[in-house]
Amino acid sequence: MTVTIALFTRDLRVWDNPVLTAAHREGAAVVPLFVLDDAILSGRFAAPNRARFLSTALTELDDELRAIGGSLVLRRGDVAREVDRVAAQVHAESVHVAADVSGYSRHRERALRERLARRDCLLYTHPATITVADPESLLPATGRDHFAIFGPYFRRWCEAPQRKPLGKPRDLTVPRVSSLPLPDAGELCAGPASPQLAVGGETTGRKILRDWLSGPVENYARDNDDLAADATSRLSPYLHFGCVSPVELAHRVDMSTEGGHAFARQLAWRDFHHQLLAARPSAAWSDYHERAIRWRDDPRAVDAWRAGRTGHPIVDAGMRQLRAEGWMHNRARLITGSFLAKSLRVDWRVGAEHFLRWLVDGDLANNQLNWQWVAGTGTDTRPNRVLNPLRQAERYDPDGAYVRRWVPELAHLPGARIHRPWRAGVDPADYPAPIIEFAGM
């Protein structure tokens, strides 16, 4: 009996999963395997929010596999070693895994390939599983190994053929193999998590996807920057963990509508950052463009920013939403990022690390390269732009509803007055004075 292994990484789903589909097609029996990677769980990227989301995502994945006759096999330790052990136990002929772009994922792939080769077990990597487009398939006509500007990339992205979404296997046969029990979040990462964190998993993610595509996406172009309306899909955590397929999402969005086109553009931004990181892995922590910026060391300002106590309500609202939900509206990410990197002149890596601590959708490609865009070291064609939080508040939270939701000590201030509490005589004991001044104060 031919046995294959479907190694899940950031593709925790059964619908439209090239890894699972290929393993099922090739093998009479399949081991659906996930390895709790100690290098991640004990490293700098460990985060209670992502651990909690991962825990429920694994539970929902196991439920989905059981519905088609299978079950999730769970191991913990070094990924290459544990996959090799399972391969030896079931005499697997091949292992299938999603292609990924970070330096770590590529190291993991090399280690897997080397170990499996010793027992004549093949490793297959599958592109367009974590992203819509293969990060290495869309190249500029200039001969460069990646697009450095989003506009030309998006045009190519729209023109490029995309694979069609796959269904899920109708049934699955899993050989007898030892497995750990599904973990609780506390077993994966200690520390406080966000109290309003979303529930992870494919079942939950597909419901959000259906609800989003049933109507709200049509208003995305008009409302996506409205902070109080919260008119975004909230699918980013499910895309990060692969509970929802980006290919299926792109396929089902109607790009002929204004809202659908604007939403697809955001999927393309995600792919854009992945193709950039694939070509420049060092951009995860090194400046993509050297700008000779003299960063300031200001621990008190950084602490105020992290705590949502800068005295600028729109900034503080975003930072408090991050702590409470493990998520932040994209416009708020731009405002808070610009405040730290451009106005306080604090190194973008400080902000990126804090976001990775709390964001459930935090990954290297999107988090780091969006921070570089804001800081002026990345792909922004206007690297010197600075977002004035007061102007941003007036434009994207004109009635103060977003601030009122997350900065309740200012909720008594009517309308737009909430954005300038220093003019309303608010006691600094109740809400701090601004730590920095802007035009229009």
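**Exercise 1. Is Cys158 buried, partly exposed or exposed?**

Before we start: this is a predicted model, where local features need pLDDT of at least 70, side-chain atom pairs count only at pLDDT 80 or more, and totals for chains, interfaces and linings use all residues. Residues are numbered from 1 along each chain as its sequence is written, and side-chain values use heavy atoms, with hydrogens and water left out.

*Solution.* Step one, the cut-offs: buried is under 20% relative accessible area, exposed is over 50%, and partly exposed lies in between (1.4 Å probe, protein chains only). Step two, the value: Cys158 has 37% relative accessibility, so Cys158 is partly exposed.

**Exercise 2. Describe the lining of the largest cavity**.

*Solution.* First, find the space: on a 1 Å grid over the protein atoms alone, a cavity is a set of points where a 1.4 Å probe fits but cannot get out, and lining residues have an atom within 4 Å of a point. The whole structure holds three cavities of 30 Å³ or more; the largest has a volume of about 70 Å³, the space filled by probe spheres set on the points, which are joined across faces, edges and corners.

Next, list the residues: Val97, Ala98, Ala99, Asp100, Ser105, Arg106, Arg108, Glu109, Leu112 and Thr125. Two elements, β4 (94–98) and α5 (103–117), each give two or more of the lining residues, and α5 has the largest share, with five. Here helices (H or I, at least four residues) and strands (E, at least two) are DSSP runs, numbered from the N terminus.

Finally, sort the lining by type: four nonpolar, two polar and four charged residues.

Key
1 Å grid on protein atoms, 1.4 Å probe; cavity = no way out; pocket = protein on both sides within 12 Å on 5 of 7 lines; lining within 4 Å. Nonpolar A, V, L, I, M, F, W, Y, C, P; charged D, E, K, R; others polar.
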